[in-house]
Amino acid sequence: MPGPDNHQLRSATISVLVDNESGVLARVIGLFSGRGYNIDSLTVAPVDDARGQSRINVVTSGTEMVIEQIKAQLERLVPVHRVADLTREGAHVAREMALVKVLGTGDARVESLRIADSFRARVVDTTIESFVFELTGATDKLDAFIELMRPLGLAEVSRTGVAAIARGSRTI
Amino acid sequence: MSAEAMQSGAEVLLRALKDQGVDVVFGYPGGAVLPIYDAIFNQNAIRHILVRHEQGAVHAAEGYARSTGKVGVVLVTSGPGATNAVTGLLDALMDSVPVVCLTGQVPTHLIGNDAFQEADTTGITRPATKHNYLVKRSADLARVVHEAFYVARSGRPGPVLIDLPKDILIGRAPYTPPVTAHATYRPRTEPDPVQLRRAAAMLKAAKRPVVYVGGGVVNAGPDASAALTRFVRETGFPCTNTLMGLGTFPASDPQFLGMLGMHGTYEANLAMHGADVLLAIGARFDDRVTGRLAAFCPDARKIHIDIDPSSINKTVPVDVAIVGDAGRAIAGLAAAWAEDAAPVDRAALATWWRQIDEWRAKDCLRFTQDMTPGAIIKPQYAIRRLHEFTRAQAKDVFITTEVGQHQMWAAQHFGFERPNRWMTSGGLGTMGYGLPAAMGVQVAHPDALVIDIAGEASVLMNIQEMGTLAQYRLPVKVFILNNQYMGMIRQWQELLHGSRYSESYSNALPDFVKLADAFHATGLRAETVDQLDDVIREMLASPRAVIADIAVDPKENCFPMIPSGAAHNEMILGPEHEDEARGITDEGLVLV
């Protein structure tokens, strides 16, 4: 087993199952900031009330060595049950949701609605001069949609960050 | 259990400590922890040592822990009590020392209100501890205390903090007995036999092996050091220690190369550079050890045994990774070595030893002591004499140090034959560590000879603990190598900053003899080489705490030295050797 390649950067979607206790998110975030790791996206929410567990999904990037280090560092946090590198452990689905506010009238407004339709975005709020679109999908799909809205009156974006899960019968 | 039958939180806390085998607590009282002090007043099972500063309490607990293998316990109040403890906690984290630190906290209903002596202690100490807890419910108290001890001592040991709001200490709380397992924190201790066999085969095929051993073997208990010594002797391989690993392999053994790294020996560092197989045990490839990473052990296949998976492949990629307890891994490796039918390449090993002996012949730690009466004392000579005198002692000898040149000289010149006898701040490099650490060692080993090899600058950082020594009649010997400079700073300024000694000279040092006297201790002073032996003799013979102020050559530098950003084979030897000192690169200059 040769050591991991220390030059090539890769992105990793890491899911962490943790005890839902106060300070646990601070431990995880503090680990990333304190050791200089990147956080490209972060989501956290309780997933199992009976067991008192939350799931943190982190999208990070680094060399293979750094990503292995991130996983090892996460694993040794006391309230951490399981660390899964979804990018490495087989196929997974990753989705995020965005709420996108677009202001405009006339042609731009019509065009934004047309594009939203082709992206299967839903209109969740409307006024005479505004739309709020709700769009769910992979990060790059959301990026593309937001870019298209930019010249059409893009005013505000709120994104959830990535939620991810392994495909098939595998569980964390 | 009825509420009436329950004890107060403070009483439950003490009962939990007692059930964890705690016999001594290092602490300092304050408003938030008064209920605990009240409970301490009413019992005799746990002894409280009143320190003079909370940082001293943590270092004392570290000294206690490192010299006994048990968990050291600290008790401090909220706010400033907790913040004063932070340096000690980080020190324990960096050096993997098991400590449980109890901090007082304002009552739960005042948390977040900027109450008097309130601090966000768990927030502040999160990156300075292995884990920390804020107890918000009385029902959790006993469980949390037991869990804290389990976490502190399990896996890679470290400091664990428990923040205790005052109302939790006063209110009734149920008691639950200690736990031996944990739902999530279950570090792997049993090494993988497949990896052990691969490692044994790699070692059998080695032509230029080196065994590189760190503090993890100390933490694995004295049996691990004994197993290491047997294994290294069985293989005939050379062995080097990190600063934290000193004592795991006997310094007097011919297979010992001395310490490696920035101020390691010539033979240890060149052996690392020339090795074809490296066996690292309980060591973490710290930057002080590796020098320039790109040039570290360039030809070696590497085997790494460590209980902490995050230490493996952190900075140096390895070929065989073995996660587990060092003692079990060494035993397993020895068994795999015996089972592996392949012969050892004795001829290659003999050639390797001839090469190592050539490097050894440089005698890289050589110094010249002028023995003329009135001559100035070389710091290395002072440590050598101290070592010789202590060897003649019937007592068990424990050495602590402060941080700086004296620390490196102690590591180089004081031979350690057994583990747990050497307490120094390796990872964090905390000036002011040695005196309180020695205090903790002396509390744990009342009949032993405990010496803080100190520098005059470092020792002043926690000099107030002389008061603690006096109060508990702890006969710690403080052996100050007094060069009037922050010597390591001065050395770097000389080598890297054009001898511009910016702020590294201590003007107006105290009279240490009078200072000892003021703290009810004995003060001694040696100013010239002819006075040294008498001072050491008198110090060792004294039943009291002693400060021995040894005036040493203020211009002496600590060599050998791997300059920042250089490789093992680019080390600088001292003025005793024909020196082809290599310049330090700009890249090296930014490193510390």
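## Parallel sheets in chain B

In this predicted model, B:F26 stands opposite B:V74, a residue of strand 4 of chain B. The two strands concerned, strand 2 (residues 24-27) and strand 4 (residues 72-76) of chain B, run parallel and are joined by two bridges. Helix 6 (residues 141-153) of chain B packs on the sheet, where it touches strand 4, strand 5 (99-105), strand 6 and strand 7 (159-165) of chain B; the direction of helix 6 makes about 165 degrees with that of strand 7 of chain B.

The sheet itself is open, has six strands in the order 3-2-4-5-7-6 (chain B), and is paired in the parallel sense. Strand 3 (47-50) and strand 6 (131-134) of chain B stand at its edges, and because each has a single partner strand, one side of each is left without a neighbour in the sheet. On average, and with direction ignored, neighbouring strands of this sheet are turned by 20 degrees against each other.

Another open sheet of six strands, again with parallel pairing, has the order 16-15-17-18-20-19 (chain B). Its edge strands are strand 16 (422-423) and strand 19 (522-526) of chain B, each of which pairs on one side only. Helix 22 (residues 529-541) of chain B packs on this sheet and touches strand 17, strand 18 (477-482), strand 19 and strand 20 (546-551) of chain B, while its direction makes about 160 degrees with that of strand 19 of chain B. Within the sheet, the bridge partner of B:V397 is B:L449, which lies in strand 17 of chain B.

| Strand of chain B | Parallel partner in chain B | Bridges |
|---|---|---|
| strand 2 (residues 24-27) | strand 4 (residues 72-76) | two bridges |
| strand 12 (residues 277-281) | strand 13 | five bridges |
| strand 13 | strand 14 (residues 320-323) | four bridges |
| strand 15 (residues 397-401) | strand 17 (residues 449-455) | five bridges |

Technical notes: Residues numbered from 1 in each chain as written. Chains lettered and ligands numbered in written order. Predicted model: local features only at pLDDT ≥ 70, side-chain atom pairs only at ≥ 80, totals over all residues. Heavy atoms only, no water. Pairing = 2+ DSSP bridges. Axes fitted to C-alpha atoms, helices over the stretch in contact; angles between N-to-C directions. Contact = heavy atoms within 4.5 Å.
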